[in-house]
Structures are given as C-alpha cells and as structure tokens.
Amino acid sequence: MSSLTEKDRPIVRLLLNTGTCPRCILRFCCMGSQALYRCPYKDLMKDLKEFLKNNQEKEDAVCFDVVDPPCKRIRLEHTEGPDELNHNGALQQIPSVNNENTAMENSSVKVCNVCLGILQEFCEADFVKEVCQKVNSADYQFTSFVFSVSLPPQLSVRERAAWLLVKQEMGKLGLPLAKDDIVQLKEAYKWIIHPQLSEELGVPADGKSLFEVSVVFAHPETEEECRFLATACPDCFKPAKNKQSVFTRMAVIKALEKIKEEDFLKHFPCPPSSPKNLCVALEIQCNNGAVFVAGRYNKYSRNLPQTPWIIDGERKLESSVEELISEHLMAEFKADSFNFSSSGREDVDVRTLGNGRPFAIELVNPRRIHFTAEDMKGLQQTINNSSDKIQVRDLQLVTRSAIGRMKEGEEEKTKTYSALIWTDKAIQKEDIAFLDDIKELKLDQKTPLRVLHRRPLAVRCRIIHTMRSEYIDEHHFRLHLKTQAGTYIKEFVHGDFGRTKPNIGSLLNRTADILELDVESVDVDWPPALDN
C-alpha cells in the first residue's frame with residue numbers, strides 16, 4: 001500500500017495553498033507509486049483534501065487504494081535546519097500553512113505553479129487521442145514506441161523554487177529532502193501517459209524501440225523566467241549552432257547546479273507564482289529509426305558519376321549511381337532522406353564489372369520498415385529494370401553496425417583493374433612482357449592534380465601486387481592489375497607529370513596514357529552473397 005503519512009501533512013497543505021497540482025504534490029512527497037499518479041485528477045484532489053481533514057495521531061496514515069511497492073526515495077538521515085534558506089528573507093512569499101480551510105479553498109482546478117499544467121490537462125484522454133491521431137495519420141509501420149517529451153526550461157527553475165520551499169518545511173520536522181528524492185516531472189508524466197498511449201495505439205511502450213513519438217511543450221507566459229540565470233552564471237549560456245535560444249534545458253540545469261541557494265532566492269519567488277495559462281504542445285512528431293540497405297552494384301556506363309556531379313551549383317550530368325538506386329528505395333520505404341556510402345568509388349568514365357562494388361544506403365525516418373526477402377528481391381528487380389546503366393545484386397536489409405564491415409581495413413583490401421593503354425612509341429609484345437614478372441611494386445603517389453581541389457596534398461605509398469599484360473597492337477595493350485585499395489590507376493599509367501613514381505611510362509621509357517579503365521573486382525567480402 002502506498003500512503004501519505006503525518007510528516008507529509010504540512011507539505012500537502014503548503015503546496016495546495018501555493019497553487020500546486022495534486023500530482024506535483026505527490027512528487028514532492030516522494031511518492032514512487034506509478035499507479036498512484038494514474039488516478040483521475042479529481043480523485044487525487046479529493047483524497048488530498050480528505051487527508052488534510054484527518055486529525056488522527058501522527059503515526060496514522062491515509063492510504064490510497066493502489067497496490068504498489070513502498071517508495072524507496074525517502075532517506076531519513078538528519079540534515080541542517082531550515083534557517084540556511086532564510087538569507088535576506090528570501091522566502092518572503094511563503095504563505096501561512098496553518099489554516100487547512102485556506103489550503104482547500106485555494107485548491108480548485110487552476111494551472112499548477114510547478115508543472116504549468118503538464119500533469120493536468122496533458123494527462124487527460126483528449127490529449128492522448130490528439131497524439132495518437134497525429135501518429136496514425138503519419139502512416140508509420142511500428143510494433144512498439146518510445147515516448148519522449150521536451151519541457152520548457154523554466155520548469156526546472158520553478159521546480160528548484162518549489163524544492164527549496166518544501167525542503168525548508170521538511171527541515172522543521174528534522175527531515176532532509178535532496179533534489180534526487182523528488183520524483184522527476186518527466187518520469188511521472190511518462191508513468192501516466194505510457195499506458196494510455198499503449199492502449200490507444202495497440203502496441204507496447206519500449207525504451208529500446210526505434211519508433212519515437214515526441215511532444216514539445218512551451219509556455220510563452222513564463223519564458224523570461226530563466227534570464228536572471230544568465231546574469232548569475234554567464235558561462236553556462238553560450239550560443240550554439242541550430243539553437244534558437246541560449247536558454248536550453250541543459251544550460252538552465254547547469255546554471256541551477258552552479259548558483260548558490262541564497263542567490264537564487266534573491267532573484268526568483270519562492271513559492272513560484274501561479275500562471276494564468278497552460279503550457280502549449282508546440283509539436284507532436286513521429287520518427288522511425290533509420291533502416292539500412294546494402295548490396296553490390298555494377299556500373300556499365302562511362303558517362304555516369306557515382307554521386308551527383310555538381311560544380312558551382314550547376315549539374316554536369318543528369319543522373320548518378322546513387323540516385324538510380326536510391327530513388328526506388330526512397331519510394332518503397334517512404335523515407336525522408338538517405339545517405340549513400342560505398343567501398344571506394346570509381347570515376348565517371350570508369351566501369352565497375354565483376355561482382356560489383358559494395359554499397360550501403362541509410363534511409364532516414366522511413367514510414368515502411370517491414371520487408372521480406374522476397375520483397376527485397378522484387379525491389380532489386382525494379383531497380384535493375386529501370387536502367388541499363390547499372391545493376392544491383394545481393395540487395396538486403398542490414399544493421400548499422402554491419403556497415404562498419406564495409407569500411408574495415410579498407411586500405412588493406414585489394415582491387416583488380418583492367419586498363420587499355422596507349423604508348424607514343426611503337427611496342428612489341430616482348431617490350432611489355434617484363435611487366436608480368438613485377439610483384440609487389442611500391443609506388444609513391446602524390447595527391448593527383450585532378451583531385452587536389454578536394455583531397456589534401458600528401459604522398460601516399462601504394463602497392464601494385466601483380467600485373468599481366470595483353471598485347472593488342474604497336475601502340476595499344478591491355479594491362480590487368482591487382483592493387484592495394486586506394487591506388488590511383490590512371491596516374492600509375494601516365495605518371496601525372498612525375499607525381500606518381502614509378503609509373504608505366506617510366507617503366508617502358510616512353511609516354512603512356514590510359515584510354516579505358518574497368519574495375520574488375522572489389523575484394524570486400526560484404527554484404528553476404530544471396531541466391532539471386
């Protein structure tokens with residue numbers, strides 16, 4: 001049985017008299033019974049009034065008919081007396097708490113001076129239905145939810161003022177009241193709202209759920225109440241990117257931890273004044289955790305970039321590998337946006353053949369998340385039917401952590417290429433045969449001129465593991481190379497004005513250039529191959 005005891009009587013009387021709602025009173029009485037907070041508001045008010053009328057001996061308790069374990073928050077160690085708060089008469093607004101009739105007269109339904117109505121109107125069925133209507137209209141797939149709430153920062157200030165008030169009253173009884181003893185507003189609110197949302201949505205609340213329902217509250221009437229903290233603790237309030245105000249909840253909490261109690265009481269009324277208006281729910285939003293899709297792509301066009309090619313705001317080519325794949329995923333998953341990544345990249349004029357290049361796409365805030373293996377196979381076919389420039393294989397759902405395998409040891413991986421090479425001087429088959437015998441050739445590659453605008457200047461050591469030449473005619477041959485990932489193949493052929501040493505030109509002692517380049521294989525064993 002959860003109950004209020006005689007020691008709680010002056011606290012209940014005091015807070016009712018100063019305009020605090022029943023649920024906040026239970027919080028400051030350190031009542032840890034979740035079910036107790038879910039009782040109807042009117043019933044709680046009635047029970048508190050009956051409690052004040054109870055004139056039994058101190059050890060008697062008025063019990064609330066709720067089955068729950070006793071609260072574990074109250075710590076009964078001795079603390080200092082109440083005089084520590086009376087600096088310069090800072091608690092000058094404490095009302096008389098000896099008149100029970102006064103307390104009950106002032107306890108009619110009005111906006112709570114501590115929670116600003118959060119534990120009043122916003123716990124009622126009408127608001128729960130409003131939230132659920134917003135969720136249902138957004139058309140998300142989900143099997144559970146996590147509920148988050150953003151509270152006005154000034155609530156922390158009001159909470160501090162109420163705590164100091166109650167702490168003084170507890171001190172008169174020789175009892176302590178640490179800030180951590182009080183049931184937090186967010187915690188109490190979720191105790192109340194979770195079962196209602198769960199029943200209305202038909203799915204359980206789960207703190208690990210990827211589907212988030214969030215509510216942002218504001219209270220314009222009292223938004224100036226934090227400003228005195230900026231004067232008292234200026235180092236706690238610094239402008240931050242993407243923040244409209246420096247008075248964030250975390251900044252206010254940091255300042256409240258820093259400011260001395262006597263300084264706080266000089267600038268803020270204790271108890272806090274009663275507001276005229278309730279909080280407003282500024283936003284009710286839904287968000288699904290990202291879904292990750294992986295596969296391998298082949299690129300058959302020599303006029304297709306991997307990602308959109310835009311220079312100075314001007315688009316150079318109409319499409320890209322990224323877009324040809326992602327547009328179908330975006331449509332099927334009904335996502336807000338996406339992030340594309342891959343194991344390396346090829347130039348716009350380079351084909352990717354063989355088993356293709358591993359890629360992964362993060363789909364942000366998808367509405368649809370349930371896809372079977374057959375669904376993914378169908379989606380893969382849709383992508384492949386939409387263009388002759390690319391093909392995808394092994395399309396599958398993966399986890400965020402699995403994507404890391406695509407990037408693991410990237411520079412230690414090998415890649416196989418096929419290059420069509422031209423030479424200015426005539427060659428015979430025997431002139432290039434020695435290339436086949438070269439193994440583990442070490443290169444020093446200075447950042448190529450063509451990528452210097454987006455890559456830092458550096459000398460990178462790369463390795464050509466093997467080469468195999470294929471003679472075509474006096475000025476052309478094909479070279480098959482197995483290299484360390486990250487090797488600039490074009491520069492290895494023509495030398496990049498001596499920035500890559502050695503190079504094919506220097507090895508053959510003539511000018512060489514590359515006419516065509518194909519990626520034959522990317523030796524990354526991810527994602528797992530599927531039976532396509």
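Student: What should I know before I start?

Tutor: The model is predicted, so local features need pLDDT of at least 70 and side-chain atom pairs count only at pLDDT 80 or more, while totals for chains, interfaces and linings use all residues. Residues are numbered from 1 along each chain as its sequence is written, and side-chain values use heavy atoms, with hydrogens and water left out.

Student: How many salt bridges does a search of the whole structure find?

Tutor: A salt bridge is a side-chain nitrogen of Lys or Arg within 4 Å of a carboxyl oxygen of Asp or Glu. Here the search turns up 24 of them. Take Asp139 and Lys334, whose closest N and O atoms are 3.8 Å apart. Asp139 sits in the loop between helix 6 (125-137) and strand 3 (146-150), and Lys334 in the loop between helix 12 (321-333) and strand 9 (337-342), so the pair ties together parts that are 195 residues apart in sequence. Helices (H or I, at least four residues) and strands (E, at least two) are DSSP runs, numbered from the N terminus.

Student: Which residue forms a salt bridge with Glu516?

Tutor: That's Arg302, at 3.6 Å between the closest N and O atoms. Glu516 is in strand 17 (residues 512-522) and Arg302 in the loop between strand 6 (291-299) and strand 7 (310-311), 214 residues apart.

Student: Are Asp496 and Arg499 buried or exposed?

Tutor: Buried means under 20% relative accessible area, exposed over 50%, and partly exposed in between (1.4 Å probe, protein chains only). Asp496 and Arg499 are both buried, and their side chains meet in a salt bridge of 3.5 Å, N to O. By contrast, Glu516 is partly exposed at 32%, and Arg302 is partly exposed at 26%.

Student: Now the surface: which residues make the nonpolar patch?

Tutor: Patches use residues with over 30% relative accessible area and no salt bridge, joining like charges within 9 Å and nonpolar side chains (Val, Leu, Ile, Met, Phe, Trp, Tyr) within 5 Å. Areas come from the Shrake-Rupley method with a 1.4 Å probe; for residues, only the protein chains shown count as cover. Leu449, Leu452, Leu457 and Phe497 make a patch of about 460 Å². Leu449 lies in the loop between strand 13 (441-446) and strand 14 (459-473), and is partly exposed at 42%.

Student: And which residues gather in the patch of negative charge?

Tutor: Asp and Glu count as negative, Lys and Arg as positive, and His and the chain ends are not counted. A charge is placed at NZ of Lys, CZ of Arg, CG of Asp or CD of Glu. Glu121, Glu124, Asp126 and Glu130 gather here. Asp126 lies in helix 6 and counts as exposed, at 65% relative accessibility.
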